[in-house]
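Let's take a friendly walk through a protein and the molecule it holds. Have a look at the picture first, and then we will go through it step by step.

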Amino acid sequence: MAGNITFTMIKPKAMANGHMGNILSKIIEGGFKIKAMKLTRLTKEQAMEFYAVHKERPFYNGLTDFMSSGPIIAAVLEKENAVQAYRDYIGATNPAEAAEGTIRALYGTDIEANAVHGSDSDENAVIESSFFFAKREWV
Ligand code: GDP
């Protein structure tokens, strides 16, 4: 059965471009309840750990440089079937291919700086939420 939790980050470039408020409004408008949230910043090492699944990919070094380049928002979101619902809501990885009106189409600038992260499975939603928050903050 699909879970009701997903994890998101607003990535550094969307933060630097001043889109934090609009993206949070859009998340709430989409019916996602914010269960936990913080404005924080990843070290290079933390970004490498978070994206370890991609460590063999050619973009891993650039991605982890980028994700540690400035402040981010990390948040746990709740909605029925949250992982798939949020992935549909944010759009395709590449903003150029993301459906009109999705968060990545609106606020992403390129395939790396695609405005937001969204978990890709219920299992990863729990792992990623636990990376940033104590269980008592979101369960
Ligand atoms: P997601 O689940 O849609 O976020 O996509 P992935 O899990 O495949 O990739 C994780 C993140 O790596 C994406 O959100 C992008 O920020 C970045 N990324 C993915 N593919 C590429 C690529 O081909 N080039 C670069 N520079 N970054 C990428």
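A polar contact is a pair of N or O atoms within 3.5 Å. Keep that cut-off in mind as you explore this model, which is predicted.

Let's begin with the ligand. An oxygen atom of the ligand and a polar backbone atom of glutamate 112 are 2.9 Å apart. Asparagine 114 takes part through its side chain, where an N or O atom is 2.9 Å from an oxygen atom of the ligand. From histidine 54, a polar side-chain atom lies 3.1 Å from an oxygen atom of the ligand. On its own, the ligand has 550 Å² of accessible area, and the protein covers 79% of that.

Now step back to see the surroundings. Where does the ligand sit? You will find the ligand in the largest pocket. Around the ligand are Lys11, His54, Phe59, Leu63, Arg87, Thr93, Arg104, Ile111, Glu112 and Asn114. Sorted by class, this shell has four charged, three polar and three nonpolar residues.

How many cavities of 30 Å³ or more does a search of the whole structure find? The search finds one. The largest cavity holds about 30 Å³ of space. Its lining includes Lys11, Lys13, Ala14, Asn17 and Phe66, and Tyr107, Gly108, Thr109, Ala113 and Ala115 also line this cavity. By class, five of the lining residues are nonpolar, three are polar and two are charged.

Terms used:
Residues numbered from 1 in each chain as written. Predicted model: local features only at pLDDT ≥ 70, side-chain atom pairs only at ≥ 80, totals over all residues. Heavy atoms only, no water. Near = heavy atom within 4 Å. Polar contact = N/O pair within 3.5 Å; in protein donor to acceptor, adjacent residues only side chain to side chain. Areas by Shrake-Rupley, 256 points an atom, 1.4 Å probe, with all protein chains shown as cover. 1 Å grid on protein atoms, 1.4 Å probe; cavity = no way out; pocket = protein on both sides within 12 Å on 5 of 7 lines; lining within 4 Å. Sits in = over half its atoms within 2 Å of the grid points. Nonpolar A, V, L, I, M, F, W, Y, C, P; charged D, E, K, R; others polar. Points joined across faces, edges and corners; volume = space filled by probe spheres on them.
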